[in-house]
Amino acid sequence: MTGPFTAPPAAVPPVAVPATGAPPAAAPSPSAPSPSAPPAAAPPFTAPLTGVEGGVGSSPVRPDGVLKVRGELAYSSDLWAEEMLWGATLRSPHPYARIRSVDLAAALALPGVYAVLTHDDVPGDNIYGLEHADQPVLAAGVVRYVGEPVAVVAAGHPETARRAVARIRVDYEVLDPVTDAEAALDPAAPLLHPAHGSNVVRHVRIRRGDPAARAEVVVRGEYRVGMQDQAFLGPESGLAVPAEDGGVELYVATQWLHVDQAQVARALGLPAAKVRITLAGVGGAFGAREDLSMQVHACLLALRTGRPVKIVYGREESFYGHVHRHPAVLRYEHGADRDGRLVLVRAEILLDGGAYASTTAAVAGNAASLGVGPYVVPNVSVDCWGVYSNNPPCGAMRGFGAVQACFGYESQMDALAAELGLDPVELRIRNALHEGATMPTGQVVDSAAPVAELLRRVRAMPLPLPGPSPYGPSPSGLPPSGAGGFDLRELPGGVSNTTHGEGVRRGVGYGVGIKNVGFSEGFDDYSTARVRLAVLGGEPVVEVRTAAAEVGQGLVTLQAQIARTELGVQRVTVAPADTSVGSAGSSSASRQSYVTGGAVRAACEQVRAELERRAGGGPVPAAAIPAVLGDDVIERTVEWRHRPTEPLDPLTGQGNAHVQYAFAAHRAVVDVDVELGLVRVVELACAQDVGRAMNPQAVVGQIQGGSAQGLGLALMEEIQVAGGRIRNPSFTDYLIPTILDMPPMAVDVLELADPHAPYGLRGVGEPPTISSTPAVVAAVRAACGRPLRRVPVRPDDIVGLP
Amino acid sequence: MRVSVEVNGEQRTAEDVWAGESLLYVLRERLGLPGSKNACEQGECGSCTVYLDEVVVCACLVAAGQAEGRSVRTVEGLAHGATLDRVQQAFLVTGAVQCGFCTPGLVVAAHDLLRRVPDPGDNEIREALAGNLCRCTGYEKIIEAVRLAAAAPAAAGRAAASDETAASDGTAR
């Protein structure tokens with residue numbers, strides 16, 4: 001490792017990690033036993049593909065795992081270099097203002113300060129953006145949200161940098177902000193991006209069937225989704241090191257190295273080859289690392305000072321430093337016949353994209369094209385608008401438009417079931433999407449879509465034991481911690497001792513959702529993999545190199561598994577991800593197993609073909625590789641694409657826009673203190689089709705973790721914005737589920753192969769986040785009897801305070 | 001100011017410590033021990049959990065000067081050379097580690113729980129780890145890991161002693 005570190009600067013050490021067998025605790029059964037939820041009778045996972053240990057279908061220990069449990073993995077916030085400076089960022093205190101002047105003199109005069117930079121110091125184009133370049137690196141003339149970067153400082157100590165930031169004087173002319181998405185649509189509203197010509201970033205229209213269709217039974221509802229934060233634990237951070245060739249080396253936590261590289265290079269006015277990015281350890285992502293944060297700022301300061309510059313956001317700054325999940329207003333009309341067959345769905349969805357576009361256009365595309373959910377509906381009209389406002393910018397978060405829509409359509413399905421006097425699961429099954437069915441976009445679903453089966457499976461799982469009664473024994477049979485023979489920890493309110501069971505009611509609810517896997521609407525979605533076979537110490541070894549971001553999901557494990565399976569070689573090294581190899585695309589959209597997995601497999605196939613050619617044809621077992629290869633190596637680099645998609649027709653929304661659909665269903669069981677509005681989720685059960693469980697342990701981990709984020713949106717997670725200002729930018733005030741909030745989870749995994757995808761796999765990461773929210777809310781509704789049309793559900797809503 | 005503290009069994013001194021620095025900052029930025037993570041700075045997430053004189057604390061809430069003359073044990077001090085502590089091993093094999101940013105704090109907190117309660121029930125595990133946030137796993141596999149660690153034989157006689165400093169080669173600068 002050539003670099004300024006003695007600690008490894010990347011997430012994955014370049015050392016071979018032997019595979020170990022599947023841990024007995026995780027592999028044989030996907031179900032999670034718990035005192036209150038007996039394990040569901042799920043079938044075991046498909047057997048691993050080949051005889052080689054640690055291949056596809058097994059659950060080897062993750063190669064970065066030892067470093068992580070020892071606290072020795074170098075995350076982006078852990079980096080250090082000789083002569084290193086610390087960067088800090090001055091941010092706008094106003095949601096909308098003109099900048100009259102900026103006075104840097106007092107900041108520059110502070111001892112220990114090496115540079116203070118504004119937009120005047122951006123050598124390239126002062127603009128960036130994932131899909132639409134509309135965001136300045138440093139504000140020039142105007143600020144459009146609270147927290148927008150205005151100036152950056154480099155100093156010898158982080159506190160010095162912060163004090164210098166505080167000494168910068170900015171003269172603002174404060175303007176009236178647009179802080180409401182509906183107000184942004186008003187023709188009288190100020191144009192926040194005059195060059196765009198409208199505050200509408202994108203309007204997506206889906207039209208199918210008869211626009212004048214009528215139905216015997218109609219339900220209408222308006223729903224709201226609050227602004228959710230990804231709340232990864234490792235704040236934005238990285239280290240930029242000036243290079244001798246005038247370029248820069250950047251070590252950073254990101255989801256997509258090459259899209260960072262392109263944006264940083266443009267801002268620096270450098271060719272991409274002079275901006276070399278290496279993935280540092282990533283402390284979670286969930287969409288929040290798709291957009292740039294400190295990348296350009298650190299590079300600017302490093303190139304200006306000629307010294308390495310590290311920037312690490314604190315938690316409060318992190319809330320301003322990345323995009324959030326779009327808050328949404330959703331108006332739905334569902335019509336059905338008396339038997340509960342859906343006749344029509346009409347929907348209007350309004351997404352507040354905040355100050356800059358980020359991925360708003362694609363989020364709107366998802367919300368619209370997946371807007372009726374996993375159901376067959378003959379007559380559909382969906383309009384979705386993503387708009388600019390002066391609220392915090394919104395973009396990618398796990399579920400990406402499908403989350404908001406799912407809360408709307410699943411709430412409607414429950415309302416329709418009530419109107420029809422039907423069981424909510426039965427109504428869903430009657431209308432369930434299936435293989436061969438047609439989406440509202442006209443796209444025919446051409447692989448497994450077991451929506452009805454997933455619902456049947458979660459319904460069939462054993463229910464947890466009855467809830468606690470005021471004077472009864474603990475439902476779990478565990479020793480009581482409270483008076484009266486029950487365990488307070490099993491009651492809403494917990495050890496706050498708010499109830500001994502009085503006022504507590506149990507509710508059960510269901511939800512099912514749909515997500516597209518991979519990038520859609522005609523995007524050229526590909527990944528690149530370089531695979532190298534060599535002999536080391538008489539033993540065959542494989543190195544896999546990609547630029548794909550390991551963000552916790554286990555992609556490094558998976559790449560090695562694929563190489564083992566394809567080449568039959570036990571020792572596989574996954575090199576640190578960097579820009580020395582072509583783009584892998586983003587670790588988002590549940591796509592990396594599919595696309596980078598596909599690229600690794602394809603590169604392995606080419607290596608294998610060459611090996612077999614050299615051997616004179618026929619399979620070459622691992623033991624024979626040294627004889628065939630000798631001192632030579634075989635290396636192949638492959639760019640791999642999934643089948644192409646099409647844009648949506650701008651007027652009708654018709655088109656084969658998506659690569660693959662993925663589905664999950666949840667059942668939630670809750671106990672609600674209906675007098676205090678407190679909720680305890682007793683159990684969350686999930687059934688999901690993953691096509692092929694490439695790594696069963698990681699699959700279950702994704703389902704459990706994704707479900708937790710959906711539970712958070714249902715019950716507690718909301719960035720509260722008032723007048724464009726975030727009121728709760730801390731983990732004291734922005735609540736994510738703790739271990740006491742998460743119930744035991746029963747997980748049932750289906751493996752119905754998709755013939756179009758590598759190994760038949762289906763993207764896993766996002767579906768569990770989508771359907772858990774409506775399931776939990778449905779359960780709370782069942783317990784308290786109130787409509788609950790907004791998430792997160794607040795205690796006030798449960799007890800019916802105005 | 002100068003702060004002298006025993007860290008993972010070794011006497012360490014940090015020079016030029018600014019009075020506002022936390023124990024976490026000194027560990028991470030001055031003593032080359034970045035295993036304890038900084039994720040919230042408010043004691044809400046537990047990512048910086050360390051032992052301070054045998055009691056677990058959030059290092060972000062301890063002023064560096066408060067640690068003067070005391071003993072600190074961090075995640076880097078749990079393993080015995082190349083041998084992982086049973087809690088570390090259990091986190092590894094159960095899949096309780098995804099991004100791993102919460103892992104150091106959770107490993108220390110779980111280590112402390114098993115020192116106090118050798119065979120905790122699920123509710124005890126949940127209560128003990130309620131101060132440690134994890135955003136990736138949904139906690140299920142963390143509970144599984146603690147159960148597994150509890151079932152494993154404890155590393156006899158090594159509970160509090162830190163016989164080596166993993167940090168001096170693994171992460172030192």
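How many of the 173 residues of chain B count as buried? The share is 63%. A residue is buried if 20 or more other C-beta atoms lie within 10 Å of its own, exposed if 12 or fewer, and partly exposed in between, with C-beta atoms placed from the backbone.

This is a predicted model, in which local features need pLDDT of at least 70, side-chain atom pairs count only at pLDDT 80 or more, and totals for chains, interfaces and linings use all residues. Residues are numbered from 1 along each chain as its sequence is written, while chains are lettered from A and ligands numbered from 1 in the order in which they are written.

Start with chain B. Its secondary structure comes to six helices and five strands. Helices (H or I, at least four residues) and strands (E, at least two) are DSSP runs, numbered from the N terminus. From that end, the elements run β-β-α-β-β-β-α-α-α-α-α. Among contacts in chain B with a separation of 6 or more, 65% join residues 24 or more positions apart. Two residues are in contact if their C-beta atoms, placed from the backbone, lie within 7 Å.

Chain B is assigned domain 1 (3-77) and domain 2 (86-165). Such bounds come from an automatic or database domain assignment. The C-alpha centres of the two domains lie 20 Å apart. In chain B, 19 residues of domain 1 are in contact with 16 residues of domain 2. On the domain 1 side, β3(B) gives the largest share, three residues. That side divides into seven nonpolar, eight polar and four charged residues. Here Ala, Val, Leu, Ile, Met, Phe, Trp, Tyr, Cys and Pro count as nonpolar, Asp, Glu, Lys and Arg as charged, and the others, Gly among them, as polar.

One residue of chain B has a marked backbone angle. Phi of E41(B) is near 60°, a positive value in a residue other than glycine. E41(B) sits in the loop between α1 (23-30) and β3 (49-52) of chain B. It counts as buried because it has 20 C-beta neighbours inside 10 Å.

Now bring in chain A. In all, 56 residues of chain B are in contact with 56 residues of chain A. Helices α2 (86-94), α3 (103-116), α4 (122-128) and α5 (140-151) of chain B each supply at least two residues of the side that touches chain A. This side of chain B holds 26 nonpolar, 19 polar and 11 charged residues.

Chain A contains an open sheet of seven strands, with the order β3-β5-β1-β12-β9-β10-β11 and mixed pairing. Two strands pair if DSSP finds at least two bridges between them. The edge strands, β3 (113-117) and β11 (275-279) of chain A, each pair on one side only. The twist averages 20° from one strand to the next. Strands β1 (85-91) and β12 (309-312) of chain A pair in the parallel sense over two bridges. There, W86(A) stands opposite K310(A) in β12(A).

Further along is helix α11 (451-460) of chain A, where V451(A), L454(A), L455(A), R457(A), V458(A) and R459(A) are buried. These buried residues pack against α10 (424-430), β18 (504-517), β23 (660-673), β24 (678-689) and β27 (745-750) of chain A.

Finish with two loops of chain A. L788(A) lies between α16 (767-784) and β28. Its phi is near 50°, a positive value in a residue other than glycine. The peptide bond from V791(A) to P792(A) is cis, with omega near -5°. P792(A) is found in the loop between β28 (790-791) and α17 (795-799) of chain A.

Note on methods: Axes fitted to C-alpha atoms, helices over the stretch in contact; angles between N-to-C directions.
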